[in-house]
Amino acid sequence: MIKKLAGSIRQYKKEGIMTPLFVALESVIEVLIPFFMAKLIDNGIEMGDMSYIIKMALWLLVLTVCAGTFGILAGKTATAGSAGFAKNLRSDMYNHIQTYSFSNIDKFSTTSLVTRLTSDVNNVQMAYQMLTRMAIRSPSMLIFSSVMAFSIDAKISMIFLIFVPLLCGGLMFITLKAHPKFKKVFRTYDDLNLVVQENVRGIRVVKTFNREENEEKKFKGISQTIYELFTSAEKIVAFNSPIMQFSMYSCTILICWLGANAIVASGNNAALGLTTGQLMSLLSYSGQILMSFMMVSMLFVMMTMARASGERICEVLDEQSDITSPENAVTEVKDGSIRFDYVDFSYSRNADKLCLDDIDLEIRSGETVGIIGATGSSKSTLVQLIPRLYDPVKGSVMVGGRDTREYDIKVLRDAVAMVLQKNVLFSGTIKENLRWGKADATDEEIRHVCDLACASEFIESFPEGYDTYIEQGGSNVSGGQKQRLCIARALLKKPKILILDDSTSAVDTKTDAMIRKAFREEIPDTTKLIIAQRISSVMDADKIIIMDDGKIMAFGSHEELMATSDVYREIYESQTNGGAADEQN
């Protein structure tokens, strides 16, 4: 895990090296200060030598300024390095997520990915910042202070060794007990984000049904769970402070007691025992040694939290897409012909029930094919195999005479344009949204595809025309306008295959007919697959597929199906004759 996370440091290695160097220099100087303090007391104050006192005071001032300077530099480089590390880590995660197939994304919820990109990265960033400072400061301070303390009085300094096992045991207990609880906390954060996301997205539904109180209860419930888990974890971490304070005060008392006895016995003579200045130095070194352990304990607590976050981040980075381009991939799609060769598909590899069962289908390039069927009949699933958003469990899907698994993924998807059931527009102008289809599209090309999608009229009615700003998700345009913009965006790709997944459901029948007419006249060589609920949207298609429960129940032209399919006739009559009769009544 550490090796994988460290790979995101990259150009910030300099800061990662400079910070420990500055910290080490700061630690050395801080260890020297008690030594000069002892000299000041014993040779200056005790002897009444003012010139020596001034000399030592100047040395102490210089050392203090140097220590402060190195401390400021360490803080600056540690902050820059950790912020850069977090930036790279977020970028690495985000870029890696872009390589995921739909099945990979299905393993992680959207809210979980958001939490891992934000809160978890922040935890790792804080741990890295503390690590570059305290991981060097604590051991160096511990070593240097211990050497100086033992050089003054080895017997009294043995006191420190009594408390080391106690401190190490306490830190081990805290780490082992707190880590699992912090993991649960961060998982629960995913649930919290999910509740917020659902509420924000469905705010209109919530207000329509007066369910605000219910949503508040859900939020309070998950917040209470996080509170309880965090409290439970922090109760364990709280043992850190009393253990450290007990050790620190016990050491201070023992050193004062033994040191005072030694001073009295020696008559404040260093040659015979211990001096007052040396006792003051020992007390300072004991504080530095125990403070080093305190910093280690804080680092362990932070690392315990960061370990849980780091594991969650590595889960994202370790996840490998199960859909990749093969070696020597095909880089050209010959035409828009499609062949389903006895295809079985399931979203879960272990699922007993197939979403698509034994699909045998051939569509010639340039044909218009309508797909109808009941909700849940796997119409959308069928077309998602064409641009290789998923791979079949059995059989093969062929485009342009080649298995989709033989193509370079980018080449294949550039040849296929999809307008999904859920129309998605991004924040930006209309032009910027349309140029998702073709980044270098000219204004003439944009106007042309908007004419085909019957979108020009309403766009030009806006004061700013094609420069009109679209809010996130297209919230400032109607459902029908959003659909037509998405169709125009897809047409701008000039695809060999165009898939419309119930993408004209929000437009009126007249506009629907105009869009289909434009398709026939303007893009006759493009294979068009139209998933629709209205039979009028597919009546004039070259072929119509009727699906039910993941199977193709019938396939043929409108006339052929009217003659051979009872299901098709029932749908047709319910939407035409029956509808007309209802209007007359």
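Arg 520 is partly exposed, with a relative accessible area of 43%. Partly exposed means between the two cut-offs: buried is under 20% relative accessible area and exposed is over 50% (1.4 Å probe, protein chains only). Asp 540 is also partly exposed, at 39%. The two residues form a salt bridge, with the closest N and O atoms 2.5 Å apart. A salt bridge here is a side-chain nitrogen of Lys or Arg within 4 Å of a carboxyl oxygen of Asp or Glu.

This is a predicted model: local features need pLDDT of at least 70, side-chain atom pairs count only at pLDDT 80 or more, and totals for chains, interfaces and linings use all residues. Residues are numbered from 1 along each chain as its sequence is written, and side-chain values use heavy atoms, leaving out hydrogens and water.

**Salt bridges**

Arg 520 sits in helix 18, while Asp 540 is in the loop between strand 10 (527-531) and strand 11 (543-548). They are 20 residues apart, and the pair links distant parts of the chain. Helices (H or I, at least four residues) and strands (E, at least two) are DSSP runs, numbered from the N terminus. Shared partners join Asp 512, Arg 516, Arg 520, Arg 534 and Asp 540 into one salt-bridge network.

Arg 516 is buried at 13%. Asp 512 is buried at 2%.

Asp 120 and Arg 312 make another bridge, 2.7 Å from N to O. Asp 120 belongs to helix 5 (residues 110-152) and Arg 312 to helix 11 (residues 276-318). The partners are 192 residues apart. Asp 120 is buried, with a relative accessible area of 0%. Arg 312 is buried too, at 6%. The whole structure holds 25 salt bridges.

| Pair | N to O distance |
|---|---|
| Asp 120 and Arg 312 | 2.7 Å |
| Asp 540 and Arg 520 | 2.5 Å |

**Nonpolar cores**

The largest nonpolar core has 43 residues. Such a core is a set of buried Ala, Val, Leu, Ile, Met, Phe, Trp, Tyr and Cys residues joined through side-chain atoms within 4.5 Å. Leu 434, Cys 450, Ile 459, Ile 487, Leu 491, Leu 498 and Phe 519 touch the most other members. Helix 17 (residues 479-491) gives the most to this core, with six residues.

Phe 519 has contacts (heavy atoms within 4.5 Å) that reach Ile 487, Leu 491, Leu 498, Leu 500, Pro 524 and Lys 528, not counting residues up to four places away in sequence. A second, separate core has 31 residues, including Ile 359, Leu 389, Leu 412 and Leu 529.

Leu 60 lies in helix 3. Leu 61 lies there too, and the helix covers residues 50-98. Leu 60 is buried, at 11%. Leu 61 is exposed, at 52%.

Leaving aside neighbours within four places in sequence, Leu 60 is in contact with Ile 33, Phe 36, Met 37 and Leu 40. Pro 34 is 26 residues from Leu 60 in sequence and 9.3 Å away in space, C-alpha to C-alpha.

**Positive phi**

Most residues other than glycine have a negative phi. Asn 210 has a positive phi of about 50 degrees. Asn 210 is in the loop between helix 8 (203-208) and helix 9 (212-237) and is exposed, at 61%. Arg 388 has a positive phi near 60 degrees. Its loop runs between helix 12 (379-384) and strand 4 (394-399), and Arg 388 is buried, at 5%.

**Overall form**

The protein has 21 helices and twelve strands. Its C-alpha trace spans about 120 × 55 × 50 Å along the principal axes. Buried residues make up 48% of the 585 residues. Among contacts between residues at least 6 apart in sequence, 78% join residues at least 24 apart.
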